[in-house]
Amino acid sequence: MKNSFLLLLFLSVQTFAQQKAPIPQRETVETQNRAIRMDVPLTNSIRKAFEAGTRDFSGKPGANYWQLETDFTINARLDPSTQTITGSEKILIHNSSPDDLDQIVLRLDHNVFRGDVPRGTSVPAENTEGMIVTSIKIDGKVVDLNPAPSRRNDPPTLKATGLKSTIATISLLDPIKAGSSAELEIEWNTKLPGGENGRGHRMTQRFDSTLFQPTQWFPRLAKYDDLRGWERSLYLGPAEFFNNFGKFDVSITVPAGWIVSGTGVLQNPQDVLTPIAIQRLSSVLNSDEEVTIVSEEEKGPGKATLDGEMLTWRFVAEKVNDFAWATSDRFIWKATRAMIPGKGPIPIHEVFIPERARFFENALSRTRHALEFYSELWAPYPFPQLTLQDGPSAGMEYPMVINSNQGAADHETAHQWWPMMLGTNETRYGWMDEGFNQYMNILSSAASRNVPYNLDGLGQSYGRISGSEDEAPLMWSANDAGSGYGFQTYQKTPLMLSMLGGVVGDEAVINAMKKYTDTWAFKHPSPWDYMFFMNNALGENLEWFWYYWLFTTESVEGSIEKVSFDKGRTVVTVKQAGEMPSPVVLKVEFEAEGPAIKSIPNGKMIDDTTAEVTWPVSVWFEGNRTFDAVMEFGDRKIKKITLDPYGRFPDKETSDNVWEVK
C-alpha cells in the first residue's frame, strides 16, 4: 500500500513538472517559412464519383455520368378568400441512376412556415400549417401517411415519414429499379403566408388577398445524384435549392379576371384571354416597342380575361428545374422582345400592380439588355420566354420567371444561366450560383454604360475581410453558413475571380467560363468539376489557387520590405506575411530623363516611363516568405515602385506596397 502511494506521488509530481515546463513561444504570429498546399482536398463524395467514372480530373462529365429527371403534371386551384392552393400532381421519376431506389425523398419547403421546424435567419410573414399532404400513391399503391412507430420485427410497409418537416421520406416495398420509371401521385394544400412581418426572400407570398406569388409551392422530389445520393439538407430559409431537370405541365385555376403568369409557355390563350389581348400578344416580337397586353383600365372578367366564374391557365415548360407563378386581379401586363443570338426574338413579359408601376418603368429594357448580353457572354438564352412578376419577393429567380422589378432585373435574369441552365447545388455551394452571378453582373453593368469592365481592387479587398471567425470558407455548406451566408454566397466569388484574372488574365477567365457553361449545360456540376475544368481550360495547374480561396480564409499580405540599387541592377525584396501565395507584380515608375531603359524578359513598358514586371507564383513554392525581385533596367533612376498595382491579391495593409524616393 505504501509503495503504491509513493509511486502515485512520484507520477503526480512528474506530471506537474511536465505541466510547468516552459512552452516554446512564437515570437510573432507569422512563421519564418510556410508550406504551400498544391492540391485541393478530395472528399468522400467526389472520390466516389471518380471511382464510378461519373466525373474525373478533366472537369467534364465522366463517361458514366447520369442524372435523375422528373416530369411533373400539376393541377392547382387558388382560393383567394382562404389564400390557399389545393393541388394534385403526378411525378414521373426517371431513374437513370445505376441504383435501385428503395426510398423517395420529398422536399416540402412550405413546412418552413410552420412554427415547429428549424429555421435560419428567415422569418415567415405568418405561421401556417405548412404543406398539408393528404394523399400519396406510388404506381397506384397507397402510401401510409400516419404509420405507427416502427418496432424491430415489424414487416416493411409502404409509408411516409417526416411530412411535417421540409424533408420527408417515402419507404418503398418495391424499389424503383435502375433504368426504370415510377409514377408518384400526391395531393396537398398549402396556405400562402402574408402580412408585414416576413423577413427574407420567399417568406411573404401574397399582398393581402389580391396578389399571390407562390414559390416552392408544391411537393418536389429531392435531388438524387452520384455524389451523395439523396440531398437531405433541410430548407432553413436563406439558402436556395438543388432540383432535378424535367418537364412541367401545370394547370392553374383562378377566378375569372385574374391574370396568371408563370414558368413556361401559355398553352391555351384562347381559353383565358380576350381576343384583343391575344391580338396584342401577336405583335410583341415585331419590334423593340413595349406593348400593353392588359391595361390598368381593363379589369375584371370580360376585360382582363374572358368572362366566367373560374378559368384554368395551362403552362408547359421543357427541361426546367422548378416552376413558379403569380396571379392578381389587378395586374397590368406589358411585353417586349429580346434578340437572342442564333435564335431570334423571344418575348419578355412583366406583370405588376398599378401603385408599383414606378418600379417597372425600366424593367423591360434592363431585362432585354441582360438577356442579350449574357447570351453573348456565356451561351444563348435557352428558354422560349421570360417574365418579371411583381409581388412581395422583389429579388428571386425561377426558370423563365424572375420575381423582380427593375432594381434587381439584371441580377435575377443572370440566374437563368446558373442555376437554371447549370443546375448547381445552391444549398451547399451558393457561390457557384450567387457568386458567379455577382461576377457577371459587374461585366453587364459596365456594358450597359458602354465602359470597359474593371475588376481591379476586388481581389486585394479580401485582405481586409479574411480571417474572420464568422466567415465560413466557400466549401462550407452554405445552408449552415449562419451570419456569414451573405458574404460567403454572394460577395467572395467576384473577389476570387478578380485574383484569378490577375494570375491568368480576365479575358482568359471569361473564355474558360464560357466553355464551362457549354460543357455543363443542363447538367449538375460540382465544385471539383469547376476547378478541374478551369485548370484544363486555362492550361495551368491552379489547385493551389482553388485551395486557398475555396477551402480556407487565408490571404497574401504582401509588402515591399526594401529596395536596393547597384550598377543598373535593382533588387526589390517582397514579403508575403500571409499563407496564400500570389504572383509578384511590380509597377516601376522612372524619372522622365536619363539613360535608356533596358528591356527585361519578364517586363513590359506601359508607357515611356512606366514598366510592369511579373514573376510567377511558383517563386513562393519552396516556402520562403521573402523574394528578391531582380530587375536590370539600366541606370535610369526609379522614383516609385508599387507592388500589386491593380489590387488583385488579398492584402489588409496596402500602404507598405509602395516604395518612393524620398
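This report walks through a predicted model of one protein chain, from its overall build to single residues.

Residues are numbered from 1 along each chain as its sequence is written, and side-chain values use heavy atoms, with hydrogens and water left out. Because the model is predicted, local features need pLDDT of at least 70 and side-chain atom pairs count only at pLDDT 80 or more, while totals for chains, interfaces and linings use all residues.

## The whole chain

The protein chain has twelve helices and 32 strands. Helices (H or I, at least four residues) and strands (E, at least two) are DSSP runs, numbered from the N terminus. Along the principal axes, the C-alpha atoms fill a box of roughly 95 × 90 × 50 Å.

Of the 662 residues, 55% count as buried. Buried means under 20% relative accessible area, exposed means over 50%, and partly exposed lies in between (1.4 Å probe, protein chains only).

Contact means heavy atoms within 4.5 Å. Among the contacts with a separation of 6 or more, 73% come from residues 24 or more positions apart.

## Helix α2

Helix α2 spans residues 44-52, and its buried residues are S45, I46 and A49. Why do they sit on the same side of α2? They cover an arc of only 95° around the axis, which puts them on the same side. The arc is that of the directions from the helix axis to the C-beta atoms. An α-helix has 3.6 residues a turn, so residues three or four places apart point the same way.

The face turned away from the buried side carries the exposed residues N44 and E51. What covers the buried residues of α2 includes α11 (527-538). Just after α2, G53 takes a positive phi of about 75°.

## Two helix pairs

Two packed helices are described by the angle between their axes and the distance between the axes. Axes are lines fitted to C-alpha atoms, for helices over the stretch in contact, and angles run from 0 to 180 degrees between N-to-C directions. Angles under 35 degrees count as roughly parallel, over 145 as roughly antiparallel, 65 to 115 as roughly perpendicular and the rest as oblique.

Take α7 (residues 434-448) and α9 (residues 485-504). Their axes come within 7 Å and cross at roughly 60°. That makes α7 oblique to α9. The crossing of α7 past α9 is right-handed. A crossing is left-handed if the near helix is turned anticlockwise from the far one by less than a right angle, and right-handed if clockwise. On the α7 side, E434, G435, F436, Q438, Y439 and I442 meet T489, Y490, T493, P494 and L497 of α9. The residues of this contact divide into six nonpolar, four polar and one charged. Here Ala, Val, Leu, Ile, Met, Phe, Trp, Tyr, Cys and Pro count as nonpolar, Asp, Glu, Lys and Arg as charged, and the others, Gly among them, as polar.

Now α11 and α12. Their axes come within 10 Å and cross at roughly 150°. The two helices are therefore roughly antiparallel to each other. The crossing of α11 past α12 is right-handed. From α11, the residues W528, Y530, M531, F532, M534 and N535 meet E543, W546, L550 and F551 in α12. This contact divides into eight nonpolar, one polar and one charged.

Most residues other than glycine have a negative phi, and most peptide bonds are trans. Which peptide bond is cis? The bond joining W418 and P419 is cis, with omega about 15°. P419 lies in the loop between α6 (409-414) and α7.

F522 and E557 each have a positive phi in a residue other than glycine.

## Two exposed loop residues

Q32 lies in the loop between α1 (2-20) and α2. At 73% relative accessibility, Q32 counts as exposed. How far apart in space are Q32 and G623? They are 8.9 Å apart, C-alpha to C-alpha, and 591 residues apart in sequence.

T121 lies in the loop between β3 (101-107) and β4 (131-138). With a relative accessible area of 53%, T121 is exposed. Not counting residues up to four places away in sequence, T121 touches R199 and P238. T121 and M534 are 413 residues apart in sequence and 34 Å apart in space, C-alpha to C-alpha.
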